[in-house]
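Please look through the structure below together with its sequence. The paragraphs that follow go from the core to the sheet and then to single residues.

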Amino acid sequence: MTNPGLQEIFAAFKRGATVLTANSRLSRHLRASFDRQMAASGLLSWPTPEVLPFASWASSFWQEHGDEPVLAMTASYVLWERALDQDSAERKWPGGVARTSYEAYGLIKEYGIRLPDEIYLTEEAKALKTWMSSYSAEIRSLGCLDNADVLHKVKGLITKGAPVPKEVVLAGFDETSPAVSSIIVALKSKGTNVCFWPGENFGAAAKEVSVLAFADEREEVVQAARWARATIAPGMTIGFIAPGLEGYRDIILKEFSAELNPASVLGEEAREVFNISLGRPLSDEPLVSIAIDMLSINEGDSELGKLFSILRSPYFSVGNRVEVAKLDFRLKKENRTAINLWELKRLLRDHAFEKRLDAWTRWLKDSGRKELPSAWARSFTGLLKEAGWLGEMDLSSKEFQAHKAWNACLERLSTLDAVLGRVKRAEAAATLAKIARESIHQPETPECNIQVLGLLESTGISFDRLWILGCHEHALPMEPSPNPFIPIWIQKEANLPRSSSERELEFARRASRRLLQSAPVVNVSYPIISDQRERRVSPFFSPFPAAELNFASSARLADSVRESRTEEAPLETPIPVSETEKPFIRGGTAILKNQSMCPFRAFAIHRLNAVAVPETELGITQMERGNIVHAALKLFWEKVENSERLRELKESGQLDSYIESLAEKALEDAKLPSSLQARFRELERKRLVAVISGWLSVELSRGASFRVKALEAEKEIEIGGLKIRGKVDRIDELEDGKEVVIDYKTGEPSRYDWLTDRPKDPQLLIYSSTGGFEAISFAKIAPGDCGFVGIARNEVLPRVKPYDSDSFFKKKAEDRDWDALMEFWRETLCSLAADFLSGNAEVDPNGGTEKNDSACRYCELTPLCRITETGIIIGEEDEDS
């Protein structure tokens, strides 16, 4: 598209004018556009146009003509934080104060604000004034010029006669601050021809404007990506502008990649087809994140997850990764949450690792001294190299740029010698990590025909087609967000950015007028629901006609695979369990439980031996707590044996002390982690005593006498040709010789689950198949909520009605009598066993496809069965999770 506004700026380039832009992106865009036009005109060479951001020009102007060194931004911010630290003894401030107050300081300098006497100031403004005084004193002691003063100093140099350009074009400025305006006035006073671009003839008003409403942000972005794919043509430029790009960035990156560059989702470095302007903290880059984690490791124990994420990372060049994974699994199974490098080296016993870890541990031993930040920067670089960071790997373009940005962070750390002095390793590493977090990294990519920009970055850029995303009434105009450290009345007087509704309204009016001149065809879209609030289109676009857009066709790889009919794969046939395989199948009653939960789960766990990497927990895991309760009750009934002895202990007042001693013994036998503090161990002991006491109160309420006939009795049961070994928690014998089978549960058991064709917890049903029990029941053992949950022929357990009197349960059981119910259970179990033995490994979660009720909700095997890729599991948070 030939744009008269661009031709105007190109003519300025040819005249040798200096073009100063509002941002770096516009500088790159104008330079690239000019180069393309020169090449298209047949030229082989041409003078490089002088186009750069205004701030960069001012900085270089001062460096050339000024007489003081400018303090680096990193050092400036460190000094500002020091000013806050000196004041922290008197006042406590929440997190984020340093950054917000530093921005307030910059605004005060740029807008020439003088804070009045303290009597007129808020507490925040008083604190800011104190910090500014301390900070300025530090700057003077270093003999440097503060970055915030550069614009004012440049204006002074121009006034005193420093050489200035003959012509200056200010490009992309919707507005100028007083500091910039003062430089413009000074330039004009010295005869410089100053003009603004784009002017009124930048572009004609759009010929076609459509307003589109979508259900939510995701649907909006998906449809925008599909529209771009359907619209783009050779040589055409398409722009996407989002006033709230920060909130849209991640979803745009995900959905645009999937729709416009499908190969990129496979992890391959594919050709860039779109460019997004908003960067992310450099510390979020995986390559840099691993380096920061490596430098944070100290001589003592380090977080297990962090250390093994380093060792498993492709950026940590080492030997046998399988051994690393095995050790990670073993330590997590032991619920280890921390380990040190010395123990890690001993456990791994791998030559390639040993060499790296030796270098690492030697460096840690030698790093106890204080050094200047520049010395630490060199030391960190040496450690990363010796320890195997990056190694000999070939970096992609994006990784190379991230590595280059990381080196720039090390250089910035080196500039802090005069500010920080000699510091310890931990402080230097923390400072470097902070620099990386504060550095916004945007990899440079080749000029793309599809660009995604924020509102400010889009100034001066024109397109063939334009789509404005997220353009609802709270995004344009934006809501005011005044800086809390400058009194609001001062901000309004100075007309500071985001200070008032009136200012935001005027800014939005100018911006919307500019957007409508940026392309002949403009789409304006917004989500109907955002942040759980109903939205309407921005008032600046409400006069335009509403339209509908719905591209059903998708270019995603997953959709292409589902819709493809090019190849018919053979049907999977079951692999029955052979007689040779049967002796090697392990799992006990869990085999039928898993077969009921999902046939694939049973196949993967009991035939493929699939095991998930355990999750570690601080202190004692839920499973360990359950095991300790089981152990304590086993110890108790081994000694007490029957209900008569239990009542004797209660009546003699010895029961409480008896429980205390057994709880202590159970905790000792459990071999709790040595890292568990005595205070937490005591809390666990008290909890165990309370739980056991609560349960024994239920036992004391049993009317009929009983004796504990068996504890954790091992049984081999054959069901439908499948031999199952299991342990029955407990079998009680009543006075009349009849028996009750009991299974301890510290969770939430449900007896109604027994009435389904696929019971999720069939353990008691399996045990009940071995004999005619009088009652079958869970023993629910939970703090403050203990009791029997089961069924019984007669009234033998507290709160468990006789089966024939339990009308609701019996109705649920389709009015079967006791014997018929037992037969139904046997048939159910035989069906599950036959299903397993036949080799049925279908991905068929018990509970349906709603994730809240499905067996998939807590299943650790979803990456193996890949059910989420089918799209039939609906999660609470994200359908792709």
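**Core, sheet and single residues**

Leaving aside its neighbours within four places in sequence, F380 is in contact with L295, W363, L410, L413, R425, A428, A429 and L432; contact here means heavy atoms within 4.5 Å. F380 is also among the residues of the largest nonpolar core, which has 79 residues; L344, W360, F380, W389 and W406 touch the most other members. A nonpolar core is a set of buried Ala, Val, Leu, Ile, Met, Phe, Trp, Tyr and Cys residues joined through side-chain atoms within 4.5 Å. Buried means under 20% relative accessible area, exposed means over 50%, and partly exposed lies in between (1.4 Å probe, protein chains only).

The model is predicted, so local features need pLDDT of at least 70 and side-chain atom pairs count only at pLDDT 80 or more, while totals for chains, interfaces and linings use all residues. Residues are numbered from 1 along each chain as its sequence is written, and side-chain values use heavy atoms, with hydrogens and water left out.

Now consider the whole chain. The protein chain has 32 helices and 22 strands. Helices (H or I, at least four residues) and strands (E, at least two) are DSSP runs, numbered from the N terminus. Along its principal axes, the C-alpha trace spans about 115 × 65 × 60 Å. Of the 881 residues in the protein chain, 47% are buried. Among contacts between residues at least 6 apart in sequence, 75% join residues at least 24 apart. The accessible surface of the protein chain comes to about 44300 Å², and 50% of this belongs to carbon and sulfur atoms; such areas come from the Shrake-Rupley method with a 1.4 Å probe, and for residues only the protein chains shown count as cover.

Next comes a sheet. Strands of a sheet pair through backbone hydrogen bonds, either parallel or antiparallel. Here, an open sheet of seven strands has the order β7-β12-β6-β13-β14-β5-β17, with parallel pairing. Strands β7 and β17 (546-547) stand at the edges, each with a single partner strand, so one side of each is left without a neighbour in the sheet. Two strands count as paired if DSSP finds at least two bridges between them.

Which strands pair with β12? Strand β6 (residues 238-242) pairs with β12 in the parallel sense over five bridges, and three bridges join β7 (residues 274-276) to β12, also in parallel. V452 in β12 is the bridge partner of F240, and I276 stands opposite V452 as well. Strand β12 (residues 450-454) is mostly covered, with five of its five residues buried. Both faces are covered: I450, V452 and G454 are buried on one side, and Q451 and L453 on the other.

A helix can be covered too. Helix α11 (residues 286-296) has eight of its 11 residues buried. The buried ones are L287, V288, I290, A291, I292, D293, M294 and L295. One of these, L295, is also in the contact list of F380.

I184 is placed in helix α8 (residues 178-189). Is I184 buried or exposed? I184 is buried, because its relative accessible area is 7%. Not counting residues up to four places away in sequence, I184 touches L170, T176, V194 and F196. From C-alpha to C-alpha, I184 and A631 are 82 Å apart in space, and they are 447 residues apart in sequence.

V164 is placed in the loop between α7 (150-159) and β3 (167-171). With a relative accessible area of 24%, V164 is partly exposed. V164 and T18 are 146 residues apart in sequence and 10.0 Å apart in space, C-alpha to C-alpha. Apart from neighbours within four places in sequence, V164 is in contact with F61, I158, L187, K190 and T192.

K810 is placed in helix α30 (residues 807-812). Its relative accessible area is 18%, so K810 is buried. Leaving aside neighbours within four places in sequence, K810 is in contact with Y803, D804, D815 and R816.
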